[in-house]
Amino acid sequence: MPGEEYDGVAGEQRRPLIINHDLDSSVHILHQNEDTISPLPFTHTETLALPSLPVPNQRLASLDVFRGLTVALMILVDDVGRAFPSLNHSPWFGVTLADFVMPFFLFVVGISIALVFKKVSSKPNATKKVVLRTIKLFLLGLLLQGGYFHGRGKLTYGVDLSKIRWLGVLQRISIGYFLASISEIWLVNHNILVDSPAAFVRKYFIQWMVSILLCSVYLCLLYGLYVPNWKFEHSNMFGSSHLTIIQNVHCEVRGSLEPPCNAVGFVDRLILGEDHLYQRPVYIRTKECSVNSPDYGPLPPNSPGWCLAPFDPEGILSSLMAAITCFMGLQYGRIIVLFQDNKQRVLLWSVFSFTLLLVGYILEILGIPLSKALYTLSYMFITAGASGLVLTAIYYIVDIEHNRKPTVLLQWMGMNALVVYALAACDIFPAAIQGFYWHSPENNLVDASEALMQAIFHSEKWGTMAFVIVEILFWGIFSGFLHKKGIYIKL
């Protein structure tokens with residue numbers, strides 16, 4: 001990508017650390033999409049003063065690879081998690097491979113925002129586009145994860161509107177996208193030329209203060225909000241009838257980070273209502289709630305009543321902290337915009353990433369545990385730092401060394417990440433294929449293919465792993481087909 005995502009990739013030429021704004025101000029920036037930016041001259045007269053240069057128009061391939069890797073990871077951990085529980089989300093405290101997927105999504109959104117809104121010609125028009133895209137993302141997430149689609153293995157669809165789940169993955173991404181984009185449009189002084197560190201601080205100071213404010217609001221509510229006793233209903237099957245049981249949960253505490261009495265769940269129950277939360281929370285796999293922990297399993301004897309209580313991992317309060325991951329991605333995107341030399345980009349990203357990891361580790365030592373369900377401060381720093389290191393590695397391999405063949409499937413998946421996410425990660429495509437069966441619903445192509453892999457590997461676990469890898473390869477090839485046809489579906 002020229003000027004922002006492509007220049008400096010070749011690496012043969014030395015470039016200044018900070019863009020020469022006298023030159024930069026003599027070109028328009030036409031935003032094709034998040035990853036393509038084309039410079040156009042102002043007028044014929046002005047271009048006479050500039051050397052005749054070719055006008056490249058190329059995507060930053062590493063961002064597409066990063067998106068594709070994130071979607072592939074989501075498919076892997078969601079479909080293999082039942083065979084390898086250690087790859088599934090952590091039951092409550094700690095992190096696993098699955099717990100990096102959401103931060104990766106948010107991080108790359110922040111990078112794209114920095115590139116799209118490098119220059120804003122009309123703040124009202126830009127705001128209108130952001131609001132419309134936010135609404136479309138939120139509604140799509142509501143359709144995909146609100147309960148309408150019942151997933152693989154269930155040939156039914158439909159949702160009781162009195163129990164629809166309001167929040168989910170795309171809804172959280174839409175919230176982070178909205179907050180980061182609006183702050184980039186309205187809180188950044190685009191008239192300030194970044195020609196010194198002091199100018200850099202002046203340009204982005206207000207936005208940084210808003211980020212700190214969001215963190216402060218989250219922490220104050222998480223540790224200061226009083227959580228009273230509460231109760232919920234759940235049903236048990238006795239014979240042929242359902243018996244509704246009212247379960248009381250004793251809290252009356254402040255600052256608890258445990259599953260039953262944290263402020264994150266309290267805010268969601270208060271605003272959204274228990275019926276509109278995720279009904280199969282991750283803590284049902286904790287030792288207190290599962291004899292097969294960290295996998296799903298029967299309740300152990302004398303298990304606490306809150307094991308069956310609803311909890312949304314993409315709740316309101318935790319989404320405030322999740323939005324900070326988008327703001328972190330913004331900083332990495334600005335390094336692409338402001339620094340032209342590849343070595344400088346890699347160095348700054350590496351230093352920033354290791355610093356974030358160190359801060360997250362120190363916070364954990366000081367008593368703030370890692371928790372994806374709560375999106376704790378330590379978790380945000382650790383996953384943002386990891387996101388930065390992954391970006392740095394991919395950028396070096398793909399955009400500096402130009403070793404793109406090994407990652408081409410991921411790049412194609414990244415170009416149509418939304419399609420792959422909806423069809424594969426949300427199980428729409430597998431469920432549709434399962435709708436065609438022979439005599440019995442169990443005799444379908446999806447289950448038969450997985451059973452074949454398990455028979456070949458003589459292992460249920462490794463057969464499932466092989467099946468999921470083939471699934472990811474299929475979606476990579478499918479995305480490549482869309483790429484060859486010039487089909488890119490974005491909201």
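Here is a walk through the fold, from the overall numbers down to some individual residues.

Keep in mind that what you're looking at is a predicted model. The protein has 491 residues, and 50% of them count as buried. Its secondary structure comes to 16 helices and eight strands.

Let's start with a helix. H3 covers residues 61-80, so to speak a run of 20 residues, and spans 28 Å from its first C-alpha to its last. That is close to the 28 Å you'd expect at 1.5 Å a residue. Is H3 mostly covered or mostly open? Mostly covered: 18 of the 20 residues in H3 are buried.

Helix H7, residues 197-224, is where you'll find Phe205. This Phe205 belongs to a nonpolar surface patch of about 430 Å², which it makes together with Val201, Ile206, Met209 and Ile212. Why does Phe205 count as partly exposed? Because its relative accessible area is 41%, and partly exposed covers the range between the 20% limit for buried and the 50% limit for exposed.

Now for the charges. Side chains of opposite charge can pair when their charged atoms come close. A search of the whole structure turns up nine salt bridges. One of them pairs Arg152 with Glu450, whose closest N and O atoms sit 2.4 Å apart. The two partners come from distant parts of the chain, 298 residues apart: Arg152 is in the loop between helix H5 (123-145) and helix H6 (169-186), while Glu450 is in helix H15 (residues 445-457). Their surroundings can be read off too. Arg152 counts as partly exposed because its relative accessibility is 23%, whereas Glu450 counts as buried because its value is 8%.

Another salt bridge joins Glu314 and Lys372, with 3.0 Å between the closest N and O atoms. This pair also links distant parts of the chain, 58 residues apart: Glu314 lies in the loop between helix H8 (263-271) and helix H9 (316-338), and Lys372 in the loop between helix H10 (342-365) and helix H11 (377-400). Are these two residues buried or exposed? Both Glu314 and Lys372 are buried.

Then there's Asp399, which forms a salt bridge with Arg404 at 3.1 Å between the closest N and O atoms. Asp399 is buried, since its relative accessible area is 1%. Salt bridges with shared partners also build a network, made up of Arg82, Arg152, Asp447 and Glu450.

With a relative accessible area of 29%, Tyr296 is partly exposed. Leaving aside residues up to four places away in sequence, Tyr296 touches Asn88, Arg280, Ile284, Arg285 and Ser290. The C-alpha atom of Tyr296 is 9.2 Å from that of Val282, which is 14 residues away along the chain. Pro294 lies in the loop between H8 and H9 as well. Ser293 and Pro294 are joined by a cis peptide bond, with omega at about 10 degrees.

If you like checking backbone torsions, look at Tyr375 next. Its phi is near 50 degrees, a positive value in a residue other than glycine. Tyr375 sits in the loop between H10 and H11, and counts as buried because its relative accessibility is 0%.

His439 has a positive phi too, near 70 degrees, and is likewise not a glycine. Where does His439 lie? In the loop between E7 and E8. Those strands, E7 (residues 437-438) and E8 (residues 440-444), run antiparallel and are joined by two bridges. Tyr437 has Asn444 of E8 as its bridge partner. The hairpin of E7 and E8 has one residue between its strands, and His439 takes its positive phi in this hairpin. At 73% relative accessibility, His439 counts as exposed, while Tyr375 counts as buried at 0%.

Note on methods:
Residues are numbered from 1 along each chain as its sequence is written. This is a predicted model: local features need pLDDT of at least 70, side-chain atom pairs count only at pLDDT 80 or more; totals for chains, interfaces and linings use all residues. Side-chain values use heavy atoms; hydrogens and water are left out. Patches are made of residues with over 30% relative accessible area and no salt bridge: like charges are joined within 9 Å, nonpolar side chains (Val, Leu, Ile, Met, Phe, Trp, Tyr) within 5 Å. Accessible areas come from the Shrake-Rupley method with a 1.4 Å probe; for residues, only the protein chains shown count as cover. A salt bridge is a side-chain nitrogen of Lys or Arg within 4 Å of a carboxyl oxygen of Asp or Glu. Helices (H or I, at least four residues) and strands (E, at least two) are DSSP runs, numbered from the N terminus. Buried means under 20% relative accessible area, exposed over 50%, partly exposed in between (1.4 Å probe, protein chains only). The expected span of a helix is 1.5 Å times one less than its number of residues. Two strands pair if DSSP finds at least two bridges between them. Contact means heavy atoms within 4.5 Å.
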